[in-house]
Amino acid sequence: MTPAARVQAAIDLLDEILEAARRGGAAADTLIARYFATRRYAGSKDRRAVRELAYAAIRLCGEAPVTGRAAMLAVAARDPALAALFTGEGHAPARIAPDEPVAAEGVAPEWLRTALAASGLADAELAALVERAPLDIRINRLVDVAVAIPGAEPIPGLPDALRLPSGVNVEALPEWAAGAIEVQDAGSQIVTLAAQAAPGQRIVDLCAGAGGKTLALVVAMMNDGAILASDSDRGRLSRLLPRATRASASIVTTRLLDPGREAEALADWADEADCVLIDAPCSGTGTWRRNPEARWRLTPDRLARLVETQGRLLDVGAALVKPGGALVHIVCSLLDAEGAGQVARFLVRHPRWRAEPLALPAGRAHGDGMRLTPAHDGTDGFFVARLRAPC
Ligand SMILES: C[S@@+](CC[C@H](N)C(=O)[O-])C[C@H]1O[C@@H](n2cnc3c(N)ncnc32)[C@H](O)[C@@H]1O
């Protein structure tokens with residue numbers, strides 16, 4: 001592909017990504033993979049270049065642009081060499097007309113900017129929400145294999161974490177094949193520490209997904225005790241046990257939940273758990289670095305539904321905690337409605353519960369918990385709180 005043809009391909013892809021965002025369709029990464037699956041003539045350099053162009057446009061535009069071309073024109077407005085490729089010749093994009101719409105630059109749609117500011121996120125922190133994310137791994141101490149990855153840097157406060165140079169294909173590393181490493185953002189590793197998991201405990205990971213945090217809990221428990229990993233998404237949950245096997249983790253069982261009927265499905269764990277960890281479904285405002293088009297998908301209605309589900313799941317989880325045990329609320333969001341506000345409302349509904357101070361290797365106190373942000377901590381954005389049940 002010529003450089004100009006790559007730009008047109010990125011514009012076509014952006015149109016698909018925008019349409020999917022409007023209709024709740026597939027994520028950008030999936031659409032990019034599908035696009036190239038039917039265009040075998042594109043080589044690996046073409047794929048990388050088109051992907052980078054598309055993501056540059058997504059990161060630059062806070063509001064969903066009217067078209068993919070308007071988004072790419074915003075990138076071209078900053079890059080004269082890119083603008084010069086709009087020649088209209090061959091597979092190149094059409095010439096730029098003087099009155100063409102150009103998407104506005106921005107970090108987020110206005111309503112979300114306002115909500116983030118109201119949640120105490122300073123303007124200076126906003127830009128970092130859509131910067132490129134680093135590649136972090138967690139070393140799995142259950143597997144006795146030395147981890148020696150060229151260029152890997154330690155992450156302060158996390159002895160089991162490494163930050164890798166960008167572009168490393170983790171799944172091609174011998175350490176990955178041996179189950180000795182997992183890809184996991186440092187922030188995700190840090191908030192999991194709030195569970196204070198220890199050998200012999202019984203823990204419920206209520207929204208376990210494919211098990212990112214579950215596997216970190218198993219290591220903290222030295223594979224001794226019991227973890228019930230549940231989720232309402234069959235596809236994600238089905239990936240958990242194969243991952244656990246690869247990681248030599250044998251204390252995990254899984255349970256598929258029916259949304260709205262979680263309490264019935266978990267009744268056998270009532271008052272049983274040392275800790276219930278709820279890594280709740282959320283808006284993901286803290287992970288825009290990895291999914292920047294997510295900010296084109298979120299609506300006030302969708303946010304309200306997430307907030308309602310989080311509150312309900314906190315109540316479901318609380319019923320599983322044994323007297324004196326703990327409930328950990330985690331969201332990868334920086335909106336107070338999902339984090340500090342959610343916990344404040346929980347404490348009103350459950351006045352005998354107490355928020356416990358947390359000592360984590362990164363983050364700042366926020367409301368009754370702690371908050372990590374890309375700008376301050378170099379991690380994805382998270383809110384985490386630890387709530388102690390009455391004895
Ligand atoms: C932030 S993700 C969890 C990520 C996972 N803990 C990890 O570390 O990889 C939130 C999860 O909540 C799940 N979820 C959504 N509604 C749920 C419900 N009603 N009950 C249980 N899980 C639910 C989603 O399927 C999703 O996997």
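Student: Which residues in H1 meet Asp46, Ala49, Val50, Leu53, Ala54, Ala57 and Ile58 in H3?

Tutor: This is a predicted model, and in it H1 packs with helix H3, which spans residues 44–60. Facing Asp46, Ala49, Val50, Leu53, Ala54, Ala57 and Ile58 of H3, the H1 side of the contact consists of Arg6, Val7, Ala9, Ala10, Leu13, Leu14 and Ile17.

Student: How many nonpolar residues does the contact of H1 with H3 have?

Tutor: When the residues of this contact are divided by class, no polar ones are found and two are charged. The nonpolar residues of the contact of H1 with H3 number 12.

Student: Are H1 and H3 oblique or roughly perpendicular to each other, and why?

Tutor: Two packed helices are described by the angle between their axes and the distance between the axes. For H1 and H3 the axes lie 9 Å apart and the angle is about 55 degrees. Roughly perpendicular would need an angle of 65 to 115 degrees, and therefore H1 and H3 count as oblique.

Student: Is the crossing in which H1 passes H2 left-handed or right-handed?

Tutor: Helix H1 covers residues 3–23 and helix H2 residues 28–37, and their axes come within 10 Å and cross at roughly 140 degrees. Since angles must be over 145 degrees to count as roughly antiparallel, H1 and H2 are therefore oblique to each other. As for the handedness, the crossing in which H1 passes H2 is right-handed.

Student: Which residues of H2 make the contact with H1?

Tutor: From H1, the contact uses Leu13, Glu16, Ile17 and Ala20. By class, the contact of H1 with H2 has seven nonpolar residues, no polar ones and one charged one. The residues that H2 brings to the contact are Ala28, Leu31, Ile32 and Tyr35.

Student: Which residues come nearest to the ligand?

Tutor: There are 20 residues around the ligand, and by class this shell has eight nonpolar, six polar and six charged residues. Helix H10 (212–220), strand S6 (226–231) and helix H15 (300–318) each supply at least two residues of the shell. Those that come nearest to the ligand are Cys207, Gly209, Gly212, Asp233 and Asp279.

Student: Which residues of H16 make the contact with H15?

Tutor: The axes of H15 and helix H16, which spans residues 340–349, come within 10 Å and cross at roughly 45 degrees, and H15 passes H16 in a right-handed crossing. H15 contributes Val307, Gln310, Gly311 and Leu314 to the contact, while the residues from H16 are Gln342, Arg345 and Phe346.

Notes
Residues are numbered from 1 along each chain as its sequence is written. This is a predicted model: local features need pLDDT of at least 70, side-chain atom pairs count only at pLDDT 80 or more; totals for chains, interfaces and linings use all residues. Axes are lines fitted to C-alpha atoms, for helices over the stretch in contact, and angles run from 0 to 180 degrees between N-to-C directions. Helices (H or I, at least four residues) and strands (E, at least two) are DSSP runs, numbered from the N terminus. Angles under 35 degrees count as roughly parallel, over 145 as roughly antiparallel, 65 to 115 as roughly perpendicular and the rest as oblique. A crossing is left-handed if the near helix is turned anticlockwise from the far one by less than a right angle, and right-handed if clockwise. Two residues are in contact if their C-beta atoms, placed from the backbone, lie within 7 Å. Ala, Val, Leu, Ile, Met, Phe, Trp, Tyr, Cys and Pro count as nonpolar, Asp, Glu, Lys and Arg as charged, and the others, Gly among them, as polar. A residue is near a molecule or strand if its C-beta atom, placed from the backbone, lies within 6 Å of it.
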